[in-house]
Structures are given as structure tokens and as C-alpha cells.
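Here is a short briefing for a first look at this protein. Start with the sequence and the model below.

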Amino acid sequence: MCGGVVLWIVGLCVAAWAGQTAGNLYVWGSLIGGGVWLWGRYAPERQARARQTASRERSRIETEVREWERGGLERPEESSGLRPAPATVEPAGSGLEAIRFVRTELPSRPALDLPDPEQARRLCTEVVTGLVRSLAREAEAHAEALRPLAAGGGRRPGRYRARNGYDWGPVEEGFRLRPEAAQTLYRVLAWAGARTELLSVLHPRAAAETDRVQERGATLRRWRTGGDTVSEPPGTPVRPAGQWEGFLRGLREELLTAARGLRALPPFPAPPRLSPVGSARLRENMTTEVLGPRIAEYVDRHARRLATTPHGGFTMAPQDWSTAGRLLQGFVTDAVPDGFRSTTEGFEAVGSWGPDAVVPEVRSRMHRVHVTFGLHYLVEVLRFMPQYAENSGENGQGSRINIGVINIANSLKIINSNMAAVMQRGDTQAAEAVNALTAAVQADPDLAQEDRADHLENVVDVAAAVADPDADGNRRRGRNALAALSAAAGASSQITQVINEWQHVFGSLLR
């Protein structure tokens with residue numbers, strides 16, 4: 001350092017002796033050289049300060065981004081809680097006329113009054129077709145509500161950042177929807193979701209039309225939570241100029257396309273009238289003498305409920321429907337229970353409709369229609385019972401020529417006798433619980449015949465306790481029998497599932 005100063009002074013003296021011009025050049029050159037040297041000398045410090053400044057700026061931006069993101073997440077989704085009005089039919093009253101009852105003859109049993117199945121099929125077509133027409137009108141109304149928004153109305157300025165690689169870009173100006181415009185948008189998306197869910201199982205072709213509208217909501221969710229952009233809260237996502245208009249024009253066109261597609265659909269085809277196959281056989285642990293009366297009792301009970309329940313009411317719960325399915329598990333031929341499921345496949349869809357999905361009269365009508373289909377299928381099963389007996393090798397008294405099966409049949413007779421007494425006193429729920437347990441034991445594919453006979457003897461004790469719990473020892477034997485069934489059955493077996501499903505009934509009767 002000292003040597004450099006001495007050299008600079010010597011150079012200055014030489015430049016002064018040489019003249020003014022050389023001296024000026026020397027001075028300016030020295031100043032420039034010194035500046036360059038100082039710039040290089042403090043470059044690391046400058047770079048460190050620049051890194052600190054950049055880091056602080058990144059931290060500030062990240063903090064701002066997190067606050068914007070949190071503000072967007074903490075704000076309730078604008079569509080939450082929005083539900084469209086319950087769907088109805090168009091024209092009003094389509095398919096809602098009263099279902100008439102017809103006298104139905106049963107083999108070797110008293111005739112029953114059952115709903116007319118052909119009228120039920122016609123009404124099913126009219127109701128679902130009327131629902132589809134109503135959905136088309138609703139889609140057109142929503143498209144009309146979006147018209148001013150698709151033309152650029154309902155916007156207000158906002159700020160957003162877009163991700164640029166790993167970092168966030170600068171704050172940019174864009175547009176978001178005004179609150180009232182956002183509500184219009186979210187009502188459309190809520191409508192599309194509800195109507196798609198309404199018809200997804202019952203009428204998939206109609207549901208596909210509204211599902212395309214619902215899929216537009218994925219773009220909105222990506223704008224909100226996709227991570228590529230973040231908007232200054234509150235409100236809908238802020239997008240560059242023109243993007244909201246393009247999105248809303250596309251959504252409006254999807255609505256109009258859905259309306260055209262719904263109107264172009266042919267009338268809804270009612271489920272075909274299926275008959276059970278006559279070549280079916282029963283399982284080894286089942287006889288027509290046992291199964292026939294149980295199916296007949298089920299049909300009679302639910303036919304009476306249909307006849308006495310006021311218009312607009314409901315007669316069967318999903319639990320009742322599953323009981324019918326378990327009755328048909330007495331067949332080794334899968335075509336019989338499979339035909340029942342095919343005939344009544346819309347029942348579960350209708351059963352899942354909440355009170356806010358469709359107007360009550362439509363919901364009740366579709367419920368009754370599918371109950372009618374199921375009961376008539378079971379009547380056809382009863383008509384084939386003599387042929388099933390022959391196919392299954394039963395003798396003239398309805399019993400298999402097999403000692404093990406005869407023992408099982410005797411247990412079933414005792415159970416049925418006790419349940420008849422329970423039904424006479426009006427305790428249908430207790431009878432259904434025991435019948436469900438009996439059906440589960442009979443249908444369990446993992447039980448050997450000897451084990452099945454032992455299990456049914458336990459069910460006999462349960463049935464006796466339910467029929468007369470106060471008789472000497474009945475309640476205790478019933479509790480022990482139920483415990484034995486639970487212990488012998490696996491956690492995932494049908495028997496355990498039925499015991500758990502009906503625990504509220506068994507527990508109250510056998511405690």
C-alpha cells in the first residue's frame with residue numbers, strides 16, 4: 001500500500017514536469033484505476049448485500065403469497081351450502097297418477113292385491129322422461145343467467161401473482177367476478193353436480209349431459225388451488241384480461257349443449273319385465289316347503305303396506321330390500337337372485353335420493369314403482385316353486401331325501417312357526433330380524449351341512465326367545481345361542497353382519 005502511494009507521487013511529479021496535458025491524463029487515469037481497484041476490492045461485500053436484499057425480497061413475496069393463499073382457503077367456498085331446488089317433472093304431474101291394484105293369483109295360496117306392473121312401467125317411463133325435460137329447461141335458464149357475464153359483465157379489478165419457474169413473478173393486474181356474479185356461477189355448478197348425482201345410476205345417458213357442465217368446475221378449482229397463480233383475497237380467482245369471459249362463454253355453451261342433448265334423448269325405457277328361470281335349483285340346505293311360505297309372507301306384508309300407505313309415503317327401507325335379496329340366496333342357481341337385482345336395480349338409486357333432491361311426490365312414485373317390480377318378480381318365483389322342487393330332488397312332502405337336510409328343514413319349520421306368532425302380535429321388526437339371521441345361516445357358502453344344522457338349532461333358540469321371552473329359560477337360551485353364533489362366525493361373515501345390523505332388535509328383546 002505504501003509502495004503504491006510512493007509510486008503514485010513519483011508519477012505525479014514526472015507528469016507535472018512533462019506538462020499540463022500529461023498531468024491531467026495521469027490524474028484521471030489514476031482516479032479511474034483507483035475506482036476500478038476499489039470496485040473489485042469490495043465486490044464480495046456488494047454481492048453479499050445483494051444476496052441478502054434478494055433473500056429478503058423473496059421472503060417478503062413468499063409471506064405475501066402465503067397470506068393470499070390462506071385468505072383464499074379460509075374464505076368458505078362460494079358454492080358450499082348451495083343446493084338447487086328439488087327437481088320436478090315437466091309437464092307437471094307427469095307419471096304421478098295413482099297406481100291401481102290388481103288381483104293376483106298365487107299357486108296354492110290366497111290371491112293378493114298387488115300394484116299393476118304394466119302401469120308401473122309406463123309411469124316409470126313418464127316420470128324419468130319428465131325429469132329429463134325439466135333438467136333441459138333448467139339448463140337453458142342457467143345459460144340465460146350467464147349471458148351478461150359471458151359478455152364481460154360482472155367483473156372487477158384485482159391483483160395476482162403467477163409462478164415463474166421456482167419463483168413468483170411480479171404483482172399483475174387482472175379481473176375477478178363480483179360477488180353477485182360469482183353466486184350465479186356457483187349456482188350453475190351446484191346445479192350440475194346435484195342433477196348428475198340424481199340420475200347417475202338411474203339414467204346414465206342423461207347424467208352424462210350434465211356431467212360435462214360439472215366438469216367445468218375443475219378449471220375453477222385449478223385456478224383457486226392449482227399453485228400456479230395466487231390472487232389477493234377476498235373473492236374469486238383473479239385472471240388475466242379475457243380469461244373469465246372465455247371460461248364463462250364455454251360454460252354457457254356447455255349448458256346449451258346439455259339442454260339440446262337432454263331434449264334429444266328418447267323416452268326413458270322402463271326396466272324390462274324379467275322372469276326367473278324355471279331351471280333353477282335350491283341349495284342343499286333349503287326346501288321349497290320352507291322358502292315358498294317365507295317369500296309369500298314377504299310379498300303379502302309389503303303389498304299390504306303399499307295399499308295402506310298414503311300417497312306420497314314410503315313403504316320400504318333399504319334394509320327391507322336386502323332381506324328380499326337374502327331370501328333368494330336359497331338358490332344355488334345365481335340367475336334367480338341376479339334377475340331380481342336387474343329388475344329392481346333402480347331402487348338403490350331412488351333410495352339414495354334425499355328430500356332435497358326431488359320433490360316428494362316424484363320420489364315416492366319412483367319408490368313405489370320399484371317396489372312393484374320387485375314384488376311381481378317374487379310372485380313369479382313362487383309360481384315356479386313346483387318346478388324348483390322337482391329340479392332340486394324333493395319328494396312329494398317338500399323335503400329332500402337326505403337326513404341332514406330333513407333336520408335343517410325341521411329347524412326352519414320351528415323358526416317359521418315362532419315367527420308367525422310374532423307377526424300375529426304385530427312385531428314385524430323382530431320377525432324380520434330373525435328371518436334375516438335365518439337367511440344368513442342358510443346362505444353362508446363356507447358352512448358345512450353339519451355346521452349349518454347346528455347354527456340353525458341356535459337360531460331356533462333365538463326365535464323361541466323372541467316369540468316368548470318370558471317362558472322358562474327362553475331368554476337365557478336365546479342369549480347363549482346368539483353368543484354362540486357370533487363366536488362361531490367370522491368377523492366378515494354374513495351371519496356376523498346380520499347380527500350387527502339387527503343388534504338393536506336382538507339386544508332389546510334378549511337383555
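In this protein, 75% of the contacts with a separation of 6 or more join residues 24 or more positions apart; contact means heavy atoms within 4.5 Å. This is a predicted model: local features need pLDDT of at least 70, side-chain atom pairs count only at pLDDT 80 or more, and totals for chains, interfaces and linings use all residues. Residues are numbered from 1 along each chain as its sequence is written, and side-chain values use heavy atoms, with hydrogens and water left out.

**Overall make-up**

- The protein has 19 helices and 6 strands. These are DSSP runs, numbered from the N terminus: helices are H or I with at least four residues, strands are E with at least two.
- Of the 511 residues, 46% are buried. Buried means under 20% relative accessible area, exposed over 50%, and partly exposed in between (1.4 Å probe, protein chains only).
- The accessible surface is about 25100 Å², and carbon and sulfur atoms hold 55% of that area. Areas come from the Shrake-Rupley method with a 1.4 Å probe; for residues, only the protein chains shown count as cover.

**Helix 4 against helix 12**

- Helix 4 (residues 117–150) packs on helix 12 (residues 360–383) at an angle of about 145°, and the axes are 9 Å apart. Axes are lines fitted to C-alpha atoms, for helices over the stretch in contact, and angles run from 0 to 180 degrees between N-to-C directions.
- Helix 4 contributes residues including Leu-123, Val-127 and Leu-131, which meet a set in helix 12 that includes Met-366, Val-369 and Phe-373.
- By class, this contact has 11 nonpolar, 2 polar and 2 charged residues. Ala, Val, Leu, Ile, Met, Phe, Trp, Tyr, Cys and Pro count as nonpolar; Asp, Glu, Lys and Arg count as charged; the others, Gly among them, are polar.

**The loop between helix 3 and strand 1**

- Pro-91 sits in the loop between helix 3 (43–74) and strand 1 (101–106). The peptide bond from Glu-90 to Pro-91 is cis, with omega near 0°.
- Ala-87 lies in the loop between helix 3 and strand 1. Ala-87 is buried, with a relative accessible area of 0%.
- Leaving out residues up to four places away in sequence, Ala-87 touches Leu-131, Arg-195, Leu-198, Ala-357, Val-358 and Val-359.
- Ala-87 and Val-132 are 45 residues apart in sequence, and their C-alpha atoms are 9.7 Å apart.
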